[in-house]
Protein chains: 2
Amino acid sequence: MAENNKPIGVFDSGIGGLSVLKQFIRFLPYENYIYLGDTARVPYGNRSDETVMRYATECTDFLLKQEVKLIVVACNTVSSVALDTVRKRANIPVIGMINPAAGAAIRASVNKKIGVIGTRATISSNAYEIALTELCQSNEIKVYSKACPLFVPLVEEGMVYHNAARLLADEYLEELKLHEIDTLVLGCTHYPLLSPLLTELLPGVSLIDSGEHAAVNAVRLLAEDKKLVKERDEYIIKPEIKFFVTDVSPTFYDLAQRFLGFPVDSPKLVTLE
Amino acid sequence: MAENNKPIGVFDSGIGGLSVLKQFIRFLPYENYIYLGDTARVPYGNRSDETVMRYATECTDFLLKQEVKLIVVACNTVSSVALDTVRKRANIPVIGMINPAAGAAIRASVNKKIGVIGTRATISSNAYEIALTELCQSNEIKVYSKACPLFVPLVEEGMVYHNAARLLADEYLEELKLHEIDTLVLGCTHYPLLSPLLTELLPGVSLIDSGEHAAVNAVRLLAEDKKLVKERDEYIIKPEIKFFVTDVSPTFYDLAQRFLGFPVDSPKLVTLE
């Protein structure tokens, strides 16, 4: 297959990575995509580093067999723990979630007080804090992190506009507000769905969507390597996506539509182990 | 000067184009920028096409003298009326506001009901409606347009969170809501500052920020031509921007900071005629 027409491969521990895929489709609408959700083993957050590395290797091998031209690690846990593992395995470009978002946060922040929210696992890993401090090469930056464990189930239940979501968000964000953060990294693939609420509760704070910045990085990288699909004349409404999952949950279609913004085709069930 | 290090030139009839510059800085933080605001002759919306073309030519010539590598027409009026004039004048790439946003709207919309809001001049010009219909090459798309004349002064007065803004927005958007649009083009440089309110009033509706899509188009275009500034290691907090205006209003600094998100240096006063 001509390099240009090869698909972009996106993998995640589950369906959350579809919010990342959404950003890729927004900025790279003419590309072909392969999405792999390891839904049988989600969430990766509670596994040991060794296990996450093994899972990530299996996902990488699967995408490489599909002859992708770029691998997007949409999973925050894999991006924190096993990005090097994926990079070493693949002889093609690999984009993770942490660094694009950390760079964007540093550039967006004026007062250098940056908040990070994520799952308990991501926050405990300090991955964003480490990336932010390393990239900034300065002690002047202040990073305030907060685990928001109930955001994922709220998003999955579709209750992002519920008053309960507002009450919980108010509590989770209280400390970050006291520290007067002006920038907030959404360190979990589910959180962009809470953006309207977060925007309302944190007026004037820049929200950093990792998927968005990863996607723009991909535009640059593929354009420089002349590997983008040739822009088509017709305006396709629905892009070319092949979905692979390791388990089809009863809520897959509903969740996928909410994360992507449009109805999805049947996923293909695969085994990775 | 090496082609890569030449600045990107952005011009607008006034300071509204700074919301476009903001998006460029977000996705192309390492570039050098020249911003030209023709503040002495703002707004262009009420002028004849001939006059707008003449003003646009003058702005273009000014930027060409500054040896820019790309011209961004941040002004919706110039983008509707005089983009070809600018393109013919410049032997470098030119990016306008209409087509990137129209393309993004078509791709974002599922139900093919797209709203467009703008100044009275932009809405009367039908520029977005024409672009949307042409790009879509289909009669299935429905475009609903609404002029929102009070949004610009509200934004300029910094009253985007005021209850009056909410009341007015409610009224302006009523018809679009009845038509069940799922996508809304913000057809004016000032409107992205109203995004939090619009997001709240139109839950589930995709807001299309012209500046954002113009910026991603620029990433692609410059990357393919190998004309991007080489990515720097250090994370600059404040990018390199030279501001030129034809009139310094008393509110310039305050407005510019609100549009860009950070304090700006003194603009240089220039004459275009």
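Let us start with helix α12 of chain A, residues 252-260, where A:Asp254 and A:Arg258 stand four residues apart and are therefore separated by about one helical turn. Their side chains meet in a salt bridge, with 3.0 Å from N to O. By salt bridge I mean a side-chain nitrogen of Lys or Arg within 4 Å of a carboxyl oxygen of Asp or Glu. Over all chains, the structure holds 25 salt bridges. Helices (H or I, at least four residues) and strands (E, at least two) are DSSP runs, numbered from the N terminus.

A word on the source. This is a predicted model, in which local features need pLDDT of at least 70 and side-chain atom pairs count only at pLDDT 80 or more, while totals for chains, interfaces and linings use all residues. Residues are numbered from 1 along each chain as its sequence is written, chains are lettered from A and ligands numbered from 1 in the order in which they are written, and side-chain values use heavy atoms, leaving out hydrogens and water.

I turn to the sheet of chain A. How many strands does this open sheet have, and in what order? There are six, in the order β4-β3-β1-β2-β9-β10, with parallel pairing. The edge strands are β4 (94-95) and β10 (268-269) of chain A, each of which pairs on one side only. Two strands count as paired if DSSP finds at least two bridges between them. Strand β3 of chain A, residues 70-73, runs parallel to β4(A) and is joined to it by two bridges. A:Val72 has A:Ile95 of β4(A) as its bridge partner.

Next, some details of the backbone. The peptide bond from A:Val42 to A:Pro43 is cis, with omega near -5°. A:Pro43 is placed in the loop between β2 (32-37) and α2 (49-65) of chain A. In chain B, the bond from B:Val42 to B:Pro43 is also cis, with omega near -5°, and B:Pro43 is in the loop between β2 (32-37) and α2 (49-65) of that chain. A:Glu180 is not a glycine, yet has a positive phi of about 55°. This residue, A:Glu180, lies in the loop between α9 (163-178) and β7 (183-186) of chain A.

Finally, the two chains together. Which rotation superposes chain B on chain A? A rotation of 180°, with 0.0 Å of shift along its axis, does so with an RMSD of 0.0 Å; that is the relation of a two-fold axis.

In the interface, 34 residues of chain B are in contact with 34 residues of chain A, contact meaning heavy atoms within 4.5 Å. Of the interface residues of chain B, 100% are also interface residues in chain A, so the copies meet through the same surface.

Two salt bridges are counted between chain B and chain A. A:Arg26 forms a salt bridge with B:Glu212, the closest N and O atoms being 3.0 Å apart. On the side of chain B that touches chain A, at least two residues each come from α1 (18-27), α5 (98-108), α10 (195-201) and α11 (210-224) of chain B. Of the elements, α11(B) gives the most to that side, with seven residues.

Terms used
Copies are superposed by least squares on the C-alpha atoms of residues with pLDDT of at least 70 in both.
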